[in-house]
Amino acid sequence: MPESIVTIERHIIDQERQFPDATGAFSSILYDLALAGKLISREVRKAGLVDIIGKTGGTNVHGETVKKLDVFAHDVIYKALDHCGHLCVMASEEAEDVLPIPDQFHTGNYVLLYDPLDGSSNIDVNVTVGTIFSIHRKVSEGERGTIEDCLQPGFRQIAAGYVVYGSSTMLVYTTGHGVHGFTLDPSIGEFLLSHPNIRMPEPGKRIYSVNEGNEGRWSNQQKRLIRHLKGLDGGKTKSFSGRYIGSMVADIHRTLMYGGLFMYPADRKSPRGKLRLLYECSPMAMIVNEAGGRAIDGTRDILSISPESLHERSPLYIGSKEYVDLAERILSEEVDGDVAA
Ligand code: AHG
Ligand code: MN
Ligand code: MN
């Protein structure tokens, strides 16, 4: 039996108590996100039994096939938070433009950016998927938020988190005061504190995580980095193991807990990589940095990048500091001629 049983609500209130000027607004947002996570978890758990898997027949702004669970998760988060009175605007991977707060509801001083369902391609085959969220403060003048409130660099986030629908459903979040993990007990519908103050192990496990199917389109430096991690360049380093789930939330949750290096590099087809800066790379970068790791786009700190558009992409190297440092060094070196695959 743990020393004490702490629900996410209790944890948020305890965290809030540390800030005398805290208004409770932020706690209310996190509470509503936890509620949305429970509702999405329930649908993910029964996907396959009800008509919730499969395609909607539509495509999103990225030209990607939209799955029914993508739409369900998008709607659940929007409807769980549109009336909370603490948000001035939202933005979702599944919506081309910003999502205004309905006129009949009060607005507040926070901004929510989210990837409602991450790893959609894995839904129909029962592989772990997730939800990612990022919270900023309002910066625009008017009462109702605008795109300006959404296009903020990652270092200005006041909170970031994800829900991972895996062998158990976990919610992991940080407000810059530690990274905390809660496991959903479905029998009582509560997220219970199971991983207080998550720190990435140093040295982290020697695990690298990348879609090697893209190798033919990588730069020579990227090819050289992977050969180095595999111990194929005659270096003295012990080789790494490869692990790739194809759901960013799952791959990064493993990286957070075990250490390692997750990459989604740029390539000739996707010169800015595939992952979206605002609601995938930035929130994960805040979490990993807070747990002692690092996140770059190959040269720049992810959290320093000022976004120009809502759905802009960024290459991503994230994980144990020593491995991200290694990637940064190898990617910066000139390579003579082509690197054999
Ligand atoms: P989403 O389902 O939100 O579009 O995200 C999918 C992303 C991310 O979860 C994962 O790391 C990446 O796509 C996998 O892409 P590849 O299939 O190209 O490897
Ligand atoms: Mn995603
Ligand atoms: Mn998604």
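What follows is a conversation between two colleagues about this predicted model.

Colleague: Are D115 and D118 buried or exposed?

Modeller: Both are donors of the manganese ion (ligand 2). The cut-off for buried is under 20% relative accessible area. D115 and L117 fall in that class, and D115 and D118 are likewise both buried.

Colleague: On to ligand 1, then. Which element gives the most residues to the shell around it?

Modeller: There are 18 residues around ligand 1, and D118, G119, S120, Y244 and Y264 come nearest. Two elements give two or more residues to the shell, β5 (110-118) and β13 (261-264). With 3 residues, the one that gives the most is β5.

Colleague: How far does a polar side-chain atom of K274 lie from an oxygen atom of ligand 1?

Modeller: Several side chains place polar atoms by the ligand's oxygens. For R276, an N or O atom of the side chain is 3.1 Å from an oxygen of ligand 1. For E280, the polar side-chain atom lies 3.5 Å from a ligand oxygen. For K274, the value is 2.9 Å.

Colleague: And what share of the area that ligand 1 exposes when taken alone does the protein bury?

Modeller: K274 has a polar side-chain atom 2.9 Å from an oxygen of ligand 1. Taken alone, ligand 1 exposes 470 Å², and the share buried by the protein is 86%.

Colleague: Let's talk cysteines. How many disulfides does a search of the whole structure find?

Modeller: A disulfide here needs two cysteine sulfur atoms within 2.5 Å. The search of the whole structure comes back with 0 disulfides. C84 is in none, its nearest cysteine sulfur being that of C88 at 10 Å. C88 is also in none, and the nearest cysteine sulfur to it, 7.4 Å away, is that of C150.

Colleague: Why does C84 count as buried?

Modeller: The limit for buried is under 20% relative accessible area. C88 is buried, at 1%. C84 counts as buried because its relative accessibility is 14%.

Colleague: Which residues does D32 touch, leaving aside those up to four places away in sequence?

Modeller: D32 lies in helix α2 and, at 12% relative accessibility, counts as buried. Its C-alpha atom is 28 Å from that of G292, 260 residues apart along the chain. The residues D32 touches are A80, L81 and C84.

Colleague: S27 is in helix α2 as well. What is its relative accessible area?

Modeller: Helix α2 covers residues 25-46, and S27 lies in it. Beyond residues up to four places away in sequence, S27 touches I12 and E16. S27 is buried, with a relative accessible area of 11%.

Colleague: Last one: is E143 buried or exposed?

Modeller: E143 sits in the loop between β6 (129-137) and α4 (147-150). Leaving out residues up to four places away in sequence, E143 touches C88, T107 and K138. From E143 to A160, 17 residues apart in sequence, the C-alpha distance is 24 Å. Exposed means over 50% relative accessible area, so E143, at 54%, counts as exposed.

Note on methods
Residues are numbered from 1 along each chain as its sequence is written. Chains are lettered from A and ligands numbered from 1 in the order in which they are written. This is a predicted model: local features need pLDDT of at least 70, side-chain atom pairs count only at pLDDT 80 or more; totals for chains, interfaces and linings use all residues. Side-chain values use heavy atoms; hydrogens and water are left out. Buried means under 20% relative accessible area, exposed over 50%, partly exposed in between (1.4 Å probe, protein chains only). Helices (H or I, at least four residues) and strands (E, at least two) are DSSP runs, numbered from the N terminus. Contact means heavy atoms within 4.5 Å. A residue is near a molecule or strand if one of its heavy atoms lies within 4 Å of it. A polar contact is a pair of N or O atoms within 3.5 Å; within protein, one must be able to donate a hydrogen and the other to accept it, and residues adjacent in sequence count only if both atoms are side-chain atoms. Accessible areas come from the Shrake-Rupley method with a 1.4 Å probe; for residues, only the protein chains shown count as cover. Donors are N, O and S atoms within 2.8 Å of the metal (3.2 Å for Na, K and Ca); water is not among the atoms, so sites may look incomplete.
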